[in-house]
Amino acid sequence: MPVTTTKPTSEAVAAGVPPRRRRRWKGATPYLLILPAVLLELLIHIVPMIVGIWMSFIQLTQFFIANWSQAPSAGLGNYKIAVDFSSPIGRALLHSFTVSCLYTLIVVGLAWLFGMSAAAVLQHGFRGRGGLRTLFLVPYALPIYAGVITWSFMFQRDNGLVNHVLVSNLHLLNDPPFWLIGNNAFVSMAVVALWRSWPFAFLMIMAGMQSIPDEVYQAAAVDGAGIWQQLRYITLGMLRPVNVVLVLMLFLWTFNDFNTPFVLFGPTPPQSADLISIHIYDNSFVNWNFGLGSAMSVLLLLFLLVVTGAYLLVTNRRSRRA
Amino acid sequence: MHEPRSFRLFRVVVVVGLGLFTIVPLYVMVTSALKPLGDVQGDFRWWPSHPTFRPFIDMWSTVPLARYFVNSLVVSVTATAFSVLIAIFAAYAVSRYRFMGRRPFTGAVLATQMFPGILFLLPLFLIFVNIDKQLGFTFVYQTRVGLIVTYLTFSLPFSIWMLASYLDGIPRELDEAARVDGCRTLGTLFRVVLPAARPGVIAVAVYAFMTSWGEILFASQMTNDATKTLSIGLQNYSTQINVYWNQVMAASLVVSLPVVIAFLFLQKYLVAGLTSGSVK
């Protein structure tokens, strides 16, 4: 459609519209092209972010959700409640933060290790390489909920695969444990998240490895470096820029993970699996206190910005020195 | 090249370990979808006692799966179409023009991708509720329209990024030739550049579709019984007291197959697009 509408104007330009007007129009073209994207980003991301910050300073309880202009100001009240670690609400937030940190550390660390190992093994061609690569990508391609629901079936106490293997096949345990409640819930959640996220690490590292020229390896081989040394000194070194970005992305996704606990446990996960995103979600939608939820969201955003900023600063400085 | 025994052993451990880790859940999903109900209620069985396709038929009547399916399809297809179109415009601008604000634009767009969804959910919820209140009728809150608008922005950042780097690989001489032949901006874009960028556009469309098809957080609050999508429908289905796991697995398989097949077919383009930003 746009093609036909622009045709006549282009002929008009050729027919003798002054060139100056045409140049000015040309300057506007890129802005017109990005306009829809900018408007949508404003509407769905930037404006809500500003509104969210404003919300954190008002008493936005259930009575005021449909008439927000009437909500009384709370000053820093919501923030004070959120970080008062002697009260139940503050203590619960601190607990959730600790759980998220531990979860992130384990999942990101292992996801990177798995991805790196698989990429290193598949780097040198052998039979079945293409098939394995495809298989490893399936968990990443699957809709999140389909994968997590399958795991939730596997973790069922009485009819799940995990207990069947542990109790009936391997005889490691006598009593089938519960995997989706209590402290085991944390383990289950981490396993599921790892299953989903390591293929992404694998994908990125594979792509990074392809950009390392073969000559570097050949030169190292001539110098007598074995395969392990090549991996340690060449591959890891040359992958640094990829790893810096990869670890940051994994960190942000894992720390803010909502999907894994929500699909495994529903809106109220066990204490041990109370990640920060679902904790804020609970505090907002179960108690309908949006002001407090927003204050917690803003605190989360500040934390993420500080960590990301510090991370980029440290990694940049180190790469400049090297 | 000579490979020491330690490396060969390492390879076996990695391939077997990660292979099993990856494949076991997929195996469980496929085989359990073929089990009669009795097989998924008692102790776990590795193989169906007598394989049956009943779960694939029954699943449509146990929960309103067809309704979830239609909702997901409508929302995902519409969001994908708009997202791809808007991304094409923006990516063309980023790839072909040097304009003031180009770098801030690409930077800001990518940065929003990194913020936690919960940050946007509460304000958007409030904004949607109040828009509807002002309008006097339900327009965006818990409707397909609201979900479509939200979802299309989720895939926009990566789509712009992926398409822009794909367009960078298409020679500018092509644009210039089209201009000489009398095409203007949109004519050049749609008649000449896009046909050459078809694999990139398809990859972006698959990515956008996958994003909407799998979204959970916003769907959990921004839908009601009539507009519920598959992600929330299946999640509810699987956390009931008495779960028909064979049907849940059959449903999971059915909703996964299209996206997994599309992903694997377009692997080459998607992987190149997803990784281009960080590897460069």
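This text walks through a predicted model of two chains, from overall shape to single residues. Residues are numbered from 1 along each chain as its sequence is written, and chains are lettered from A in the order in which they are written. Because the model is predicted, local features need pLDDT of at least 70 and side-chain atom pairs count only at pLDDT 80 or more, while totals for chains, interfaces and linings use all residues.

Start with chain A. Its secondary structure comprises 14 helices and zero strands. Here helices (H or I, at least four residues) and strands (E, at least two) are DSSP runs, numbered from the N terminus. The pattern along the sequence reads α-α-α-α-α-α-α-α-α-α-α-α-α-α.

How does the radius of gyration of chain A stand against that of a compact globule of 322 residues? Chain A has 26 Å, whereas such a globule would have a value near 20 Å. The radius is taken over C-alpha atoms, and the globule rule is 2.2 Å times the number of residues to the power 0.38. Along the principal axes, the C-alpha atoms of chain A fill a box of roughly 90 × 70 × 45 Å.

Burial comes next. In chain A, 39% of the 322 residues count as buried. A residue is buried if 20 or more other C-beta atoms lie within 10 Å of its own, exposed if 12 or fewer, and partly exposed in between; the C-beta atoms are placed from the backbone. Contacts are also scored on C-beta atoms placed from the backbone: two residues are in contact if these lie within 7 Å. Take the contacts in chain A between residues at least 6 apart in sequence. Of these, 66% join residues at least 24 apart.

Of the 280 residues in chain B, 48% are buried. Among its contacts with a separation of 6 or more, 73% link residues 24 or more positions apart.

Now bring the chains together. 85 residues of chain A are in contact with 87 residues of chain B. Which helix gives the largest share of the side of chain A that touches chain B? Helix α2 (residues 19-55) of chain A does, with 16 residues. This side of chain A divides into 56 nonpolar, 27 polar and two charged residues. In this count, Ala, Val, Leu, Ile, Met, Phe, Trp, Tyr, Cys and Pro are nonpolar, Asp, Glu, Lys and Arg are charged, and the others, Gly among them, are polar.

Two helices of chain B show packing. Two packed helices are described by the angle between their axes and the distance between the axes. Helix α4 (residues 65-96) of chain B meets helix α7 (residues 144-168) of chain B at an angle of about 40°, and their axes are 6 Å apart. Axes are lines fitted to C-alpha atoms, for helices over the stretch in contact, and angles run from 0 to 180 degrees between N-to-C directions. The contact of α4(B) with α7(B) has 21 nonpolar, six polar and two charged residues.

Val201(B) lies in helix α10 (residues 198-213) of chain B. Is Val201(B) buried or exposed? It counts as buried, because it has 22 C-beta neighbours inside 10 Å. Beyond neighbours within four places in sequence, Val201(B) is in contact with Val84(B), Ile88(B) and Leu194(B).

The buried residues of α5(A) are Phe136(A), Leu137(A), Pro139(A), Tyr140(A) and Ala141(A).

Helix α14 (residues 290-321) of chain A holds Leu312(A). Leu312(A) is exposed because it has 12 C-beta neighbours inside 10 Å. Leu312(A) and Leu248(A) are 64 residues apart in sequence, with their C-alpha atoms 8.9 Å apart.

Finally, the backbone. Most residues other than glycine have a negative phi. His171(A) is not a glycine, yet has a positive phi of about 55°. His171(A) sits in the loop between α7 (161-169) and α8 (184-210) of chain A. With 8 C-beta neighbours inside 10 Å, His171(A) is exposed. Trp288(A) also has a positive phi, about 50°. Its loop runs between α13 (276-285) and α14 of chain A. Trp288(A) is partly exposed, with 14 other C-beta atoms within 10 Å.
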